[in-house]
Amino acid sequence: MKNITDSFVSLGHWSSAGSFGFNTDILATNPINLSVVLGVLIFFGKGVLSDLLDNRKQRILNTIRNSEELREGAIEQLEKARARLRKVEIEADQFRVNGYSEIEREKLNLINSTYKTLEQLENYKNETIHFEQQRAINQVRQRVFQQALQGALGTLNSCLTNELHLRTISANIGMFGAMKEITN
């Protein structure tokens with residue numbers, strides 16, 4: 001904490017002559033700051049992310065189960081349609097003399113409509129799964145971002161005291177005063 005305070009205070013003592021150089025203070029460089037922020041985000045966000053993913057997984061599994069139930073219902077409809085088809089075939093034998101071609105058309109229409117229904121249900125299931133996955137991903141992203149932001153703000157608020165805040169303001173005022181004298 002003393003090093004951070006000293007780095008803010010030392011900002012007021014920099015000469016404004018326009019020179020530059022390498023910053024050898026390892027605490028004031030970005031790689032360490034970024035690694036600390038990433039470490040905090042990973043530490044605090046891991047549990048929340050795990051819970052969110054588990055909840056999302058359960059919802060997706062429930063959606064898959066519902067889709068499977070719909071599929072089973074479609075299979076039952078297919079079986080009923082096949083039973084109707086068998087019935088139509090028996091009737092076709094009885095009415096073969098009167099209109100065999102009309103019965104065949106009815107059979108094909110029944111099969112085609114059943115397969116179309118099955119295809120529509122399968123497409124609906126796939127679309128629902130894809131939609132739920134996308135929604136889950138978006139919710140997880142939003143939650144992780146919120147948790148990261150809250151963690152970062154909490155860290156900043158816990159590190160920034162009134163004394164440090166006043167020293168930083170004083171140092172910046174001194175630096176602006178020196179810059180104003182140079183420009184005059």
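Helix α2 bends by about 45° at Gly 45. The bend at a residue is the angle between two axes, one fitted to the seven residues ending there and one to the seven starting there. Gly 45 is also one of the buried residues of α2. Buried means under 20% relative accessible area, exposed means over 50%, and partly exposed lies in between (1.4 Å probe, protein chains only).

This is a predicted model: local features need pLDDT of at least 70, side-chain atom pairs count only at pLDDT 80 or more, and totals for chains, interfaces and linings use all residues. Residues are numbered from 1 along each chain as its sequence is written, and side-chain values use heavy atoms, with hydrogens and water left out.

**Overall layout**

The chain has 4 helices and 0 strands. From the N terminus on, the order of elements is α-α-α-α. Helices (H or I, at least four residues) and strands (E, at least two) are DSSP runs, numbered from the N terminus. Of the 184 residues, 15% count as buried. Among contacts with a separation of 6 or more, 85% come from residues 24 or more positions apart. Contact means heavy atoms within 4.5 Å.

UniProt, in an unreviewed entry, places the feature "transmembrane region" at residues 32-49. UniProt positions follow the numbering used here, feature names are shortened, and annotations may be inferred rather than shown by experiment. In the model, residues 32-49 are 100% helix and 0% strand. The end C-alpha atoms of that span lie 24 Å apart.

**Salt bridges**

A salt bridge is a side-chain nitrogen of Lys or Arg within 4 Å of a carboxyl oxygen of Asp or Glu. By this rule the count comes to 6 salt bridges.

| Pair | Closest N to O |
|---|---|
| Arg 56 and Glu 132 | 2.4 Å |
| Glu 68 and Arg 71 | 3.7 Å |

Arg 56 and Glu 132 form a salt bridge with closest N and O atoms 2.4 Å apart. This pair links distant parts of the chain: Arg 56 sits in helix α2 (residues 30-94) and Glu 132 in helix α3 (residues 96-159), 76 residues apart. Both Arg 56 and Glu 132 are buried. Glu 132 counts as buried because its relative accessible area is 11%. Leaving out residues up to four places away in sequence, Glu 132 touches Arg 56, Ile 60 and Thr 63. Arg 56, Ile 60 and Thr 63 are among the buried residues of α2.

Glu 68 and Arg 71 are 3 residues apart in helix α2, so about one helical turn separates them. Glu 68 is partly exposed because its relative accessibility is 29%. Arg 71, at 40%, is also partly exposed. Both belong to a network of salt bridges that links Glu 68, Arg 71, Glu 122 and Lys 125.

Glu 79 and Arg 82 are likewise 3 residues apart in helix α2, about one turn of the helix. Glu 79 has a relative accessible area of 38% and is partly exposed. Arg 82 has 36% relative accessibility and is therefore partly exposed.

**Second largest pocket**

The second largest pocket has a volume of about 160 Å³. On a 1 Å grid over the protein atoms alone, a pocket is an open set of points with protein on both sides within 12 Å along at least five of seven lines, and lining residues have an atom within 4 Å of a point. Grid points are joined across faces, edges and corners, and the volume is the space filled by probe spheres set on the points.

Its lining includes Leu 52, Asn 55, Arg 56 and Arg 59, along with Gln 139, Arg 143 and Gln 146. Helices α2 and α3 each supply at least two lining residues. Helix α3 gives the most, with 6 residues.

Definitions and conventions: 1 Å grid on protein atoms, 1.4 Å probe; cavity = no way out; pocket = protein on both sides within 12 Å on 5 of 7 lines; lining within 4 Å.
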